[in-house]
Amino acid sequence: MDDGDRPGIEESRASDAVPAAGPSLERIESMFTVYESTVEDETLIYYGDPRVQPEQIVQELWPVFREEGYDLRVGTRYGEYVLVAEPTTVGIDGIPWTNVLLLALTIVSTLFAGSMWYHIDPIANPEEMWRAWPFTVAILGVLGVHEMGHYLLSRYHQVDASLPYFIPIPTLIGTMGAVIKMKGRMPDRKALFDIGVAGPLAGLVATIAVTIVGLHLPPVTAPETVVQDPDAVQIQLGYPPLLELLAAAFDQPLYRDDPATAINPVVVGGWVGMFVTFLNLIPVGQLDGGHILRAMAGRSQETIAALVPGALFGLAAYLYYVADYGLNSVLIWGVWGLFAAVLASVGPAHPVDDEKLGTGRFVLGVVTFALGLLCFMQVPIVIVE
């Protein structure tokens with residue numbers, strides 16, 4: 001072959017084909033005959049001929065490279081098959097300034113949003129925003145614990161993951177949630193399940209704690225000027241069964257005769273935790289529910305996920321045309337129907353080792369989805385103008 005076809009690569013004998021880093025030649029050649037290799041920015045590139053199907057190569061050799069600190073994939077370059085082994089790191093390298101900055105901005109945005117739940121004008125009285133700190137702690141607490149559940153189980157299974165990225169957005173709660181970024185392949189269904197289920201379960205523990213605290217805090221009463229303002233917009237939250245059960249268990253009222261009196265904003269933090277739990281457990285794509293169901297049901301998950309967008313669109317249509325809710329009350333399910341369709345088309349994560357889960361994890365998955373249903377509400381928010 002002409003050297004010009006692959007610039008920068010020197011011819012090498014098979015016995016010298018494997019770089020000093022990475023697994024030995026003997027461990028590779030049972031699956032892939034190596035005749036040339038190179039190192040590009042610490043990434044190992046092996047040129048050769050596969051002896052089995054590419055999927056089997058990854059399944060057999062991925063654990064071998066993982067032991068050496070590399071993530072493996074099979075591809076083609078210049079018309080030839082290659083193994084590409086990229087170095088992996090587990091943990092945080094240095095100070096994650098982006099995460100810190102986004103957290104700081106989200107603290108400000110949730111204080112701003114929380115002020116309005118306490119009937120404080122954050123524009124006219126910005127120095128009073130700090131009084132909404134219980135709301136901010138509640139929101140960041142349930143979201144942060146959820147994402148840290150994913151992060152800690154990612155570390156446990158040695159899957160590279162970032163710290164949470166909070167998303168500051170001027171919404172009713174001041175944020176669009178938080179996410180973590182994961183790199184590389186999932187080693188097996190156990191890891192996929194554990195990482196997927198850890199977020200909702202950890203987040204629910206924090207959510208229940210926040211809700212109980214909020215239910216015991218005094219309600220908030222709107223000032224007379226707000227009550228009598230004909231242009232004031234009233235926001236009514238739908239309560240999921242879990243919130244109703246907690247209120248009944250602790251004998252704390254959710255509904256009050258006085259329309260000017262509402263639950264403490266800390267309870268809103270618990271409400272957010274429940275709503276986020278339900279949305280994340282929708283079993284499509286890269287959502288937590290998609291990870292959990294893929295680990296439980298294998299490739300059948302994709303068939304189930306294909307039905308989810310239709311169910312969400314159907315729910316939105318029922319609430320709008322039959323139950324006669326306003327468009328602004330049911331639009332969220334139409335938006336999530338579109339979002340679910342996109343996620344379902346992308347597909348779920350595919351673990352390298354696709355062996356079935358044990359009974360214990362399968363039962364835990366069923367329990368997790370049942371808890372998610374307790375967080376469901378037909379109409380999450382009603383805006384009355």
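## Domain division

Domain bounds here come from an automatic or database domain assignment. On that basis, the protein chain of this predicted model is divided into domain 1, residues 25-87, and domain 2, residues 97-282. Their C-alpha centres lie 44 Å apart. The contact takes four residues from domain 1 and seven residues from domain 2.

## Buried area between the domains

Domain 1 and domain 2 bury about 400 Å² between them, and 50% of this area is on carbon and sulfur atoms. On the side of domain 1, the residues that lose the most area to domain 2 are Trp62, Arg66 and Asp71, which together account for 84% of what that side buries.

## Composition and polar pairing

The rule finds two residue pairs in polar contact across the interface of domain 1 and domain 2, both at pLDDT 80 or more. Helix H2 (residues 54-67) supplies three residues, the largest share of the side of domain 1 that touches domain 2. By class, that side of domain 1 has two nonpolar and two charged residues, with no polar ones. The count of salt bridges between domain 1 and domain 2 is zero.

His157 is placed in the loop between helix H4 (133-156) and strand E5 (165-168). Its relative accessibility is 15%, so His157 counts as buried, the cut-off being under 20%.

Apart from neighbours within four places in sequence, the residues in contact with His157 are Arg66, Pro187, Lys190, Ala191, Asp194 and Ile195.

Methods. Residues are numbered from 1 along each chain as its sequence is written. This is a predicted model: local features need pLDDT of at least 70, side-chain atom pairs count only at pLDDT 80 or more; totals for chains, interfaces and linings use all residues. Side-chain values use heavy atoms; hydrogens and water are left out. Contact means heavy atoms within 4.5 Å. Buried area is the accessible area (1.4 Å probe) that two parts lose on being put together, summed over both. A salt bridge is a side-chain nitrogen of Lys or Arg within 4 Å of a carboxyl oxygen of Asp or Glu. A polar contact is a pair of N or O atoms within 3.5 Å; within protein, one must be able to donate a hydrogen and the other to accept it, and residues adjacent in sequence count only if both atoms are side-chain atoms. Helices (H or I, at least four residues) and strands (E, at least two) are DSSP runs, numbered from the N terminus. Ala, Val, Leu, Ile, Met, Phe, Trp, Tyr, Cys and Pro count as nonpolar, Asp, Glu, Lys and Arg as charged, and the others, Gly among them, as polar. Buried means under 20% relative accessible area, exposed over 50%, partly exposed in between (1.4 Å probe, protein chains only).
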